Each structure stands twice: as structure tokens, then as C-alpha cells.
Amino acid sequence: MAVLERKEAKKVIKNFFDAYLHKRDLETALSFVSSEIISLGTGKDEIAVGKEALRRLLGKEIEEIPGAFSYTVRDFYETASHEELYCFFCILTARLEDEGGYVSMETRLSGVCCQEEGEWKILNLHMSTPTEAQEDGEFFPVKYGRRAMEKLGNAANRNLAELLTNMVPGGIMGGYLEPGFPLYIINQEMLDTLEYTYEQLVEETGELMGNLMHPDDREWVERTVFESVEATGEYECRYRMITRTGREIWFYDRGRKVITDDGKPAIVSVMIDISESVEAENRLKEEAHQDPLTGILNRKEAVRRMEYLFEKVADGAVLVLDIDNFKHLNDTRGHQAGDRVLVYLAGLLRQSVRKDDVVARLGGDEFLVYLSGMSGDDCIRKKMEGIRKAFAKVMKEWYPELNLSVSIGAARHSAAEGFDEIYKRADDALYRAKREEKDSAEMA
């Protein structure tokens, strides 16, 4: 999977603004944005959700002000919040000159770049200008724990500002560096994401932010934060939090140590919801070791698990299975019927073995079962006969005229054997079974 190189986010942004501000070329500018773009400008109506909405908004602006702008970008920061997402922040100054002089506007620009059809595009743009209505040193709109002072101290404020300008805007949350992380600060976006009001959060969590974490993650997250902060003053990790309605949300949490006005150490972090990315990542992991049609293991993963079991348990048996007359089924009834039979056999094998046994499709109509810890001939033969008879019974109901059955070869595992050796012996036994009489089972 391609990963955006450092400074590549800046190139994407530069290409966009070269086309939009300098060349005033709308279509070229739009070629650098995602179809799912969300753009927020400085004006109250400058909101665009989707490329078509952005086309209308920028098209109207170019029509009203066709002149070319010059611009500069400074203080550019970017960070990889995930291998498919890059977040950035910069100061953008645009200048328009005409016969009467010039106008200049300095804005703060943050956003996200993502991959779309193999190319990096702008997924989010958020442009803002500083406001003089906000008190110096005040952050908005945040609420503090009852143990916190009215506002952040100057040192803590600077640390928080530096953190925020290096991250995509997200939920803000912080706790004192004590067990359970007593609440220090939280913003409205984080409260909304967790489905709490501030009053509900205080009452239902005891003001311990650790109580929001998934029980399986809580201990290691606390340990990671304390160890990382002690070593570097910063930390980052991924973990699950539970919302008020019981939903699990995966967060990327990047935080930094601050010292509060009352002299106590705390952490303040930016929280990014990465649930969709984690789900996609998990799907890719599953697909990497599963057979896509039947859902059981593929050959590569079966070999890996068997070799692991070989080291743990000396005894075991391999069954190699092949469907008799399968080609005739595909030729007469089509591949959809063939897929139906393959899926059924995979399910039958899963139901016929224990949870820790290995069931895999090796390819075509060939399957494998590894029975860990099973070495008695009678038990192995009984297992083969049960599978063979159950399969034949259903096939007589589905396709009575095709004589579909399954042949099986088996071999007991010995301590000196690897996968290739035991598979060959079981496969040789399968070959004898098919050669002598289909719908039969042989042991090596």
C-alpha cells in the first residue's frame, strides 16, 4: 500500500492553490480533491460537502473575482495519523493586487489528505482567521474538571497550542497524571462523540477518564501513558472507548504532559476517531489468511498454524480431502452449483472438528483438516467416515444423478515431520483412495 512521503501533503496543497488562486483553473484545482471533500471557509456560508458543492462555491468566487492571487505558505506541519491519512496545518497568506492597490488576508489552514483510487487527494479543508473576541490565553470551547483552575496556565497553554497545530482538529481530552486519569479538560466535540453531556460525564464516570476506556484496554493504556510520559513527555496509542450508549469507538490518542497552575502534572491530548480505519484494517487481516469463497483458512495460514501446533503438541493427524466428480458438477450445473458444494463442505468440516483444529481449503476442490492431539487409528477412521457419510447424504439430496462424494487420505504426524512431509503422506493416501474406489478413505 502506498504511503504519502514526508512533505508530499504540502505538494498536494500547493498544486491545489496554484490552480485555484494563481491560475484560477477550477477543474484542475478540483482534480486534487476527494469526491468526499468537506471544506469550511472563513465566511459563514462557505461550506461545501462533496466535490460538486465545492465546484459551485469556488466557481462563483472565481466568477466574481477572476484576478490571479499570489500566496505564501509558512509554518507547514504534517503528521501521519494512519497509513492512509495525512493531517496538515499551515499559515496561508493570499494577496490580490490591482490598480487601486492590494488586499491581503492571512488564514490558518488545516486539513486531511487521503488515498482515492491510488492518488492522494484533499479530503478535508478548514480555513479560519483569529478572533479578537477570545481572551488571551483562553481555549474554546472546553470544560475543565472541578479540580482544575479556571483556565490553563501559560506553560500548559503553549504546550496545548503546539500540540493542536501539529494535529488535525479532533476531540480534546486531558486528565491528571494519576491512576484513572481524573478529568482535567474536555471539549464539546469529545463530549458529543462519547454521547455525554458534561454533567452526565462527571456523574457517571466519577470524573475518571480511565472509566471511559474499554475494560480490556484500560490497564495497558494507563501503563503506556505513564511510561511514555516519564521517558519523553509525550505518548501516542490506539485503543477503544465506550460511549454512553455502549458503542465501542477506536481512537488514535496523541498527548503531551503539561503542568497545571496548581503545579500538578497532567496530560492533554487530541483524540481522533479511527474506527472505520481499524475495521478496514481488520478486514484486510482476515482476508489475508482466509479463503474468500468458503471463509475457512487458506493454504498459507493453515501451514503457519500447523507448524505452530507441531511445536506445542507432538501428536496429530492430517486429513486431505477431494470431491469426487466435482468437474462433472461444474460442467453440467455451472460454477455457481460448484461454489455451493464447496461452501457446504467447508461448513461440514468446521462442524466436525474442535475449535483449535485446522480447517483449510488448499485450492479447487481440495481441503485439509489437521486434528491436533489425535493419534489413535480408530478415532481418525471414525472422523473420516463421519465426514464422508454426512457429505454423501446431502449430495444425494441436492444432485442425486451426479454421484458426488468425498475421498479422504490421512496420515499421523510424527515429531520429526514438517508440513511438507506429512502432507505428502496424506496426499499419497488420498491418491490410493481415489484410484481404488471413489467415496473411500485411506490411511498412510
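Me: By about how much of the helix are F16 and Y20 separated in helix α1?

Reply: This is a predicted model, in which local features need pLDDT of at least 70, side-chain atom pairs count only at pLDDT 80 or more, and totals for chains, interfaces and linings use all residues. Residues are numbered from 1 along each chain as its sequence is written, and side-chain values use heavy atoms, with hydrogens and water left out. Helices are DSSP runs (H or I, at least four residues), numbered from the N terminus. F16 and Y20 are 4 residues apart in α1 (residues 8-22), so the separation is about one helical turn.

Me: Are F16 and Y20 buried or exposed?

Reply: Buried means under 20% relative accessible area, exposed over 50%, and partly exposed in between, with a 1.4 Å probe and protein chains only. By that rule, both F16 and Y20 are buried.

Me: How many aromatic pairs does the structure hold, and which kind is the pair of Y176 and Y184?

Reply: Rings of Phe, Tyr and Trp (its six-membered ring) pair if their centres lie within 6.5 Å; planes under 30 degrees apart count as stacked, over 60 as edge-to-face and the rest as tilted. The structure holds 13 aromatic pairs. The ring centres of Y176 and Y184 are 5.3 Å apart and the planes stand at 65°, so this pair is edge-to-face.

Me: Which residues of α6 are buried, and why are they on the same side?

Reply: Helix α6 covers residues 198-205, and its buried residues are Y198, L201, V202 and T205. They share a side of α6 because they cover an arc of only 100° around the axis, taken from the directions from the helix axis to the C-beta atoms. The face turned away from that buried side carries the exposed residues E199 and E203.

Me: Over which ring does the charged end of R340 sit?

Reply: A charge sits over a ring if NZ of Lys or CZ of Arg is within 6 Å of the ring centre and within 35 degrees of the ring normal. The charged end of R340 is 3.7 Å from the centre of the ring it sits over, that of W398.

Me: At roughly what angle do the axes of α10 and α11 cross?

Reply: Contact means heavy atoms within 4.5 Å, and F326, L329, N330 and R333 in α10 meet H335, A337, G338, V341 and L342 in α11. Axes are lines fitted to C-alpha atoms, for helices over the stretch in contact, with angles from 0 to 180 degrees between N-to-C directions. The axes of α10 (residues 326-333) and α11 (residues 335-352) come within 7 Å and cross at roughly 140°.

Definitions and conventions:
Helices (H or I, at least four residues) and strands (E, at least two) are DSSP runs, numbered from the N terminus.
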